[in-house]
Amino acid sequence: MRFDEFVCFEATVSELQATDRDGAITELIAALVAAGKIPSESAKDVTKAVIKRENEASTGMGKGVAVPHVKHAAVKNVLAAIGQSSTGIDFASLDEQPVYSVILLISPVNNPDKHLQAMENVFRHLQKEKFRKFLRQSRQPAELEDLLREADENPSW
Amino acid sequence: MGETVLEKLVCETTLEIKNAEGLHMRPAMQFIDLASQFDCKITVSNADRVADGKSIMQVSMLEATCGTRLQVRAEGPDADRALEALRELVEVRMFGEPPP
C-alpha cells in the first residue's frame, strides 16, 4: 500500500511539543481530529486504545522510530499521522534510544490484511538508512510529504 | 529434513499463517523472540520478500496475511530444533490468537 493511500499529510506535526510517549500520541490524534479524519468524540477512546496497546509491548522499533498503532472502529480505512521531535521522546524502545519520528497508525477493525499492507510499506522503507535519515531531516510538513510521495514513486528507492 | 553441509545443518520448511489477523507486530515479536533463542541463521520469505527472522523491522514487512505460506530457512547447528519450535508457534499455537 502506498504512503499516500493512508498517511494524512494535513495531520503532520513538524515539532511535537510532548517529550513523553503518551503526550506524543495524544498530539497526533488531535492532529487527525483537526484534519477531520477522526470524529472529535472518538479522540479520547482512540488515544486510550493506542496507549493500552503500547503498554502491552513497545512499538519503538529502534533507530529513532516508533510506530504506535491500534485497530479501532473510528476509522474505515487505514489512517496514519507522522510527528517529529528534535529533542527525542522516550518510547521504551528496543534499543533504549529516544525516538525522533513517530508514525501513528489507526486501522479499521475488520480488515487485518489492509493493516499488514500498510505496515509492510512502513517497515520496508524504515529499514533503509537513507530513508530514516531523510525522514528525520524532514522538518516541514511539505518536506515530509515530498519524501513519502517520492518513496511511493520509487518503490526500490 | 536436514542435510549437513560443511558441518552446518541447513533446514527448510513452509509455515502457514493460520491466525486471522496474520503476522502483525505482536506475533512478529513472538517470532523473533523465539528465533533469537537459537544460534542458527533464520531467513523467512514471502514470495520475493526476504527477511532476517531475528529482525522485527524485517519480519514486519513480510505482509504475511492469514493463509500466507512462509518459506523458512535455518542454517546452523540447531537449525532443526529452531524450525520445530517455530512451527509450533506459528501453526499449532497460532501465536495464541484465534483463526478466522
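**Entry 1: a strand residue in chain B.** Before starting I noted the cut-off for burial: a residue counts as buried when its relative accessible area is under 20%. I also reminded myself that this is a predicted model. With that in hand I went to B:Thr13, which I found in strand E2 (residues 8–16) of chain B. Is B:Thr13 buried or exposed? Its relative accessible area is 10%, so B:Thr13 is buried. I then took a C-alpha to C-alpha distance from B:Thr13 to B:Lys41 and got 14 Å, for a separation of 28 residues in sequence.

**Entry 2: helices H1 and H3 of chain B.** Next I looked at how helices pack. Two packed helices are described by the angle between their axes and the distance between the axes. For helix H1 (residues 25–35) of chain B and helix H3 (residues 79–92) of chain B, the axes come within 10 Å and cross at roughly 165 degrees. The two helices, H1(B) and H3(B), are therefore roughly antiparallel to each other. I noted the crossing of H1(B) past H3(B) as right-handed.

Which residues of H1(B) meet H3(B)? I wrote down B:Gln30, B:Phe31, B:Leu34 and B:Ala35 from H1(B). Across from them, H3(B) contributes B:Ala85, B:Leu86, B:Leu89 and B:Val90. Sorted by class, the contact of H1(B) with H3(B) has seven nonpolar residues, one polar and no charged ones.

Eight of its 11 residues are buried, so H1(B) is largely enclosed by the rest of the structure. Among the buried residues are B:Met25, B:Pro27, B:Ala28 and B:Met29. B:Phe31, B:Ile32, B:Leu34 and B:Ala35 are on my buried list too.

Entry 3: B:Arg93 has 44% relative accessibility and so counts as partly exposed. How many residues along the chain separate B:Arg93 from B:Asn19? They are 74 residues apart, and their C-alpha atoms are separated by 9.1 Å.

Then I turned to backbone angles. Most residues other than glycine have a negative phi. B:Met94, also placed in the segment after H3 of chain B, has a positive phi of about 50 degrees although it is not a glycine. I checked the accessibility of B:Met94 as well: at 17% it counts as buried. B:Phe95 is in the segment after H3 of chain B, and I read a positive phi of about 60 degrees for this residue, again not a glycine. B:Phe95 is buried, with a relative accessible area of 5%.

**Entry 4: helices H2 and H3 of chain A.** The crossing of H2(A) and H3(A) is right-handed. On the H2(A) side I listed contact residues including A:Ile25, A:Ile29 and A:Val33, and on the H3(A) side A:Val46, A:Val50 and A:Ile51 are among them. By class, this contact of H2(A) with H3(A) has seven nonpolar, three polar and three charged residues.

**Entry 5: helices H5 and H6 of chain A.** For helix H5 (residues 129–137) of chain A and H6(A), I noted axes that come within 9 Å and cross at roughly 155 degrees. That makes H5(A) roughly antiparallel to H6(A). Their crossing is left-handed. In the contact, H5(A) brings A:Phe131, A:Phe134, A:Leu135 and A:Gln137, while H6(A) brings A:Glu143, A:Leu144, A:Leu147, A:Leu148 and A:Ala151.

I also looked up A:Glu145, which lies in helix H6 (residues 141–153) of chain A. A:Glu145 is partly exposed, with a relative accessible area of 26%. Its C-alpha atom is separated by 6.3 Å from that of A:Phe9, 136 residues away along the chain.

**Entry 6: where the chains meet.** Last, I checked the interface, where 21 residues of chain A are in contact with 18 residues of chain B. Together the two chains bury about 1,700 Å² between them, 67% of it on carbon and sulfur atoms. A:Leu116, A:Glu120 and A:Gln127 supply 34% of the area that chain A buries against chain B, more than any other three residues.

Note on methods. Residues are numbered from 1 along each chain as its sequence is written. Chains are lettered from A and ligands numbered from 1 in the order in which they are written. This is a predicted model: local features need pLDDT of at least 70, side-chain atom pairs count only at pLDDT 80 or more; totals for chains, interfaces and linings use all residues. Side-chain values use heavy atoms; hydrogens and water are left out. Axes are lines fitted to C-alpha atoms, for helices over the stretch in contact, and angles run from 0 to 180 degrees between N-to-C directions. Helices (H or I, at least four residues) and strands (E, at least two) are DSSP runs, numbered from the N terminus. Angles under 35 degrees count as roughly parallel, over 145 as roughly antiparallel, 65 to 115 as roughly perpendicular and the rest as oblique. A crossing is left-handed if the near helix is turned anticlockwise from the far one by less than a right angle, and right-handed if clockwise. Contact means heavy atoms within 4.5 Å. Ala, Val, Leu, Ile, Met, Phe, Trp, Tyr, Cys and Pro count as nonpolar, Asp, Glu, Lys and Arg as charged, and the others, Gly among them, as polar. Buried means under 20% relative accessible area, exposed over 50%, partly exposed in between (1.4 Å probe, protein chains only). Buried area is the accessible area (1.4 Å probe) that two parts lose on being put together, summed over both.
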